[in-house]
Amino acid sequence: MKPSDPRYKKARARWATRYAIKTGRLVPGPCEMAGLECHGKIEAHHDDYRKPLDVRWFCRRHHLKIDGHAMARPFNKNGMGKRRTA
Ligand SMILES: [Zn+2]
């Protein structure tokens, strides 16, 4: 895979995330959609693959859901939790 390949960035981000978890720099949190029928293991989701350590946590089910629909609103760290309407 060449560095110019977009998949290369993704692969690198995933690798960096795995490494960060292993070394304790990143600690997996609960699924952001907790309570809405979570299922599967917690996975890291990247909004921006150029920031491999800027991740959000989702269970397998919700991660697939998020990746399936590009989220309309950009991720705002300070607004975390506020936009959660049930
Ligand atoms: Zn979930």
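The model is predicted: local features need a pLDDT of at least 70, side-chain atom pairs count only at pLDDT 80 or more, and totals for chains, interfaces and linings use all residues. Residues are numbered from 1 along each chain as its sequence is written.

Confidence is expressed as pLDDT, the predictor's score for each residue, from 0 to 100. The mean pLDDT of the protein is 81. A score of at least 70 is reached by 78% of the residues. Over residues 76–86, pLDDT stays under 50. For residues 76–86 the model has 0 contacts beyond four places in sequence, a contact being a pair of residues whose C-beta atoms, placed from the backbone, lie within 7 Å. Where pLDDT is low, the predicted coordinates should not be read in detail.

The secondary structure comprises 2 helices and 2 strands. Helices (H or I, at least four residues) and strands (E, at least two) are DSSP runs, numbered from the N terminus. From that terminus the order of elements is α-β-β-α. Mean pLDDT is highest among the elements in strand 2 (residues 55–59), at 95. The lowest mean, 89, belongs to helix 2 (residues 60–68).

Helix 1 covers residues 6–22, 17 residues in total. Its first and last C-alpha atoms are 25 Å apart, close to the expected 24 Å. The expected span is 1.5 Å times one less than the number of residues. Just after helix 1, Gly 24 adopts a positive phi of about 85°.

Of the 86 residues, 14% count as buried. A residue is buried if 20 or more other C-beta atoms lie within 10 Å of its own, exposed if 12 or fewer, and partly exposed in between, with C-beta atoms placed from the backbone. Among contacts between residues at least 6 apart in sequence, 43% join residues at least 24 apart.

Val 27 lies in the loop between helix 1 and strand 1 (42–46). Val 27 is exposed, because 8 other C-beta atoms lie within 10 Å. Its C-alpha atom is 10.0 Å from that of Thr 17, 10 residues away along the chain.

Met 33 is also found in the loop between helix 1 and strand 1. With 18 other C-beta atoms within 10 Å, Met 33 is partly exposed. Leaving aside neighbours within four places in sequence, Met 33 contacts Cys 38, Phe 58 and His 62. The C-alpha atoms of Met 33 and Phe 58 are separated by 7.0 Å, across 25 residues of chain.

Phe 58 belongs to strand 2. Phe 58 counts as buried because it has 24 C-beta neighbours inside 10 Å. Not counting residues up to four places away in sequence, Phe 58 touches Cys 31, Glu 32, Met 33, Glu 43, His 45, His 63 and Ile 66. The C-alpha atoms of Phe 58 and Ile 42, 16 residues apart along the chain, are 5.4 Å from each other.

Definitions and conventions. Contact = placed C-beta atoms within 7 Å.
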